Amino acid sequence: MSSATWRNFFTYNKYAQITARAVRQSLKESERVVAEKRGTTALKYQQWENGVGGPQVLLNSEEGKK
Amino acid sequence: MLARRSLARIATQPSPLGAAPKNARNMATLREIELRLKSVKNIEKITKSMKMIASTKLAKAQRAMQSGKQYGLANSEIFQHTPLETPAKRKLFIVVSSDKGLCGGIHSSVSKATRRAIADTEKPVDSDSPIMVIGDKSKVQLSRVLAKNLAMSFNQIGRDIPTFADAAGVADLIVKSDVKYDGISIVYNKFVSAVAYEPEIVEVVGENALKESAGFRAYEMEDDVTKDLAEFSLANAIYAALVEAHACEQSARRNAMDNASKNAKDMIDRLTMQYNRGRQAAITNELVDIITGASAL
């Protein structure tokens, strides 16, 4: 694949995290449990406008509803 | 005259509430001291256990910091070879702190460093430089002073050792947001030793500056790859700052709880002395009463 089209949809960091998640899920069970801990994030963020904060959004809310 | 006699009569009549016990004032004070002593002892237990927890977390955090620092070092290698031609005017400040308190001056040191950097006259930056805060404590402090500059804030980082997934998520959100900047400054606490920390600012070169730099132009780097590198190095720098700030926070919490336990112990000693002295004074008074009473018979 000489022309990668993923750049139109997400950033390199998101790309790296997706591939990392794929690798972690493919590991042997014992290794996978250890690796999952390294990939957990409960990040929440909120946008600010003019000194007022917006609602706090969970970053993984779409993925978390598996 | 009549008034004086009626006053005297009222004074000798027993009060409707009944006579107060002899050592009423002493005993009430003794009861108060006892209650205070109990509560300070409980507080000392809590701060001591918090100190133990923070010490064990510190050991783990320091190990993570040693390995996490390598990411930051890799970044600085690249940035050393791509020096900025013109200093960045519009900086994005990323302030790294955490959500939990009881850790001494961690959050205020980072907030103060950010305010100093924005008000700096030697290397001036735009006064409306955007600020993004990781951690609720610094967010509250900065929103009181520099609310107009706040662009985004993050929390739920720092409960455990920060992961690269956290840093990548933050970097992803920063790049996706439409905040304009020439360069990035990450403000965090540097781990000087187990008892000392100091705020530090680390520069991250933005994508455009990388493209303009002489080294990249000599190698004819593709734009796509440069963009990837800029995004990844931002995530690296954020990760290195996160782990180091986490280690600083654990050490500061341990020191703060250590001081609190020492102060509580001093208070316990003082209160115990006071209590014992008061108790002995009450006993002596009772003895005096009994003896004078006995001698009167």
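I looked up Leu287(B) and found this residue partly exposed, with a relative accessible area of 46% (buried is under 20%, exposed over 50%, partly exposed in between, with a 1.4 Å probe and protein chains only). I placed Leu287(B) in helix α8 (residues 223–296) of chain B. I noted that Leu287(B) belongs to a nonpolar surface patch with Ile283(B), Ile290(B) and Ile291(B), and that together they have about 390 Å² of accessible area. Patch residues have over 30% relative accessible area and no salt bridge, and nonpolar side chains are joined within 5 Å.

The model is predicted, and local features need pLDDT of at least 70, while side-chain atom pairs count only at pLDDT 80 or more. Residues are numbered from 1 along each chain as its sequence is written.

I then turned to the backbone. Most residues other than glycine have a negative phi. I recorded a positive phi, near 60°, for Leu102(B). Leu102(B) lies in the loop between β1 (91–96) and α3 (106–118) of chain B and is exposed, at 54% relative accessible area. I also recorded a positive phi, near 70°, for Gln156(B). Gln156(B) sits in the loop between β3 (150–155) and α5 (164–176) of chain B and is partly exposed, at 21% relative accessibility.

Last, I examined helix packing. The axes of α5(B) and α8(B) come within 8 Å and cross at roughly 130°. I logged the crossing of α5(B) and α8(B) as right-handed.

Terms used: Chains are lettered from A and ligands numbered from 1 in the order in which they are written. Side-chain values use heavy atoms; hydrogens and water are left out. Patches are made of residues with over 30% relative accessible area and no salt bridge: like charges are joined within 9 Å, nonpolar side chains (Val, Leu, Ile, Met, Phe, Trp, Tyr) within 5 Å. Accessible areas come from the Shrake-Rupley method with a 1.4 Å probe; for residues, only the protein chains shown count as cover. A salt bridge is a side-chain nitrogen of Lys or Arg within 4 Å of a carboxyl oxygen of Asp or Glu. Helices (H or I, at least four residues) and strands (E, at least two) are DSSP runs, numbered from the N terminus. Axes are lines fitted to C-alpha atoms, for helices over the stretch in contact, and angles run from 0 to 180 degrees between N-to-C directions. A crossing is left-handed if the near helix is turned anticlockwise from the far one by less than a right angle, and right-handed if clockwise.
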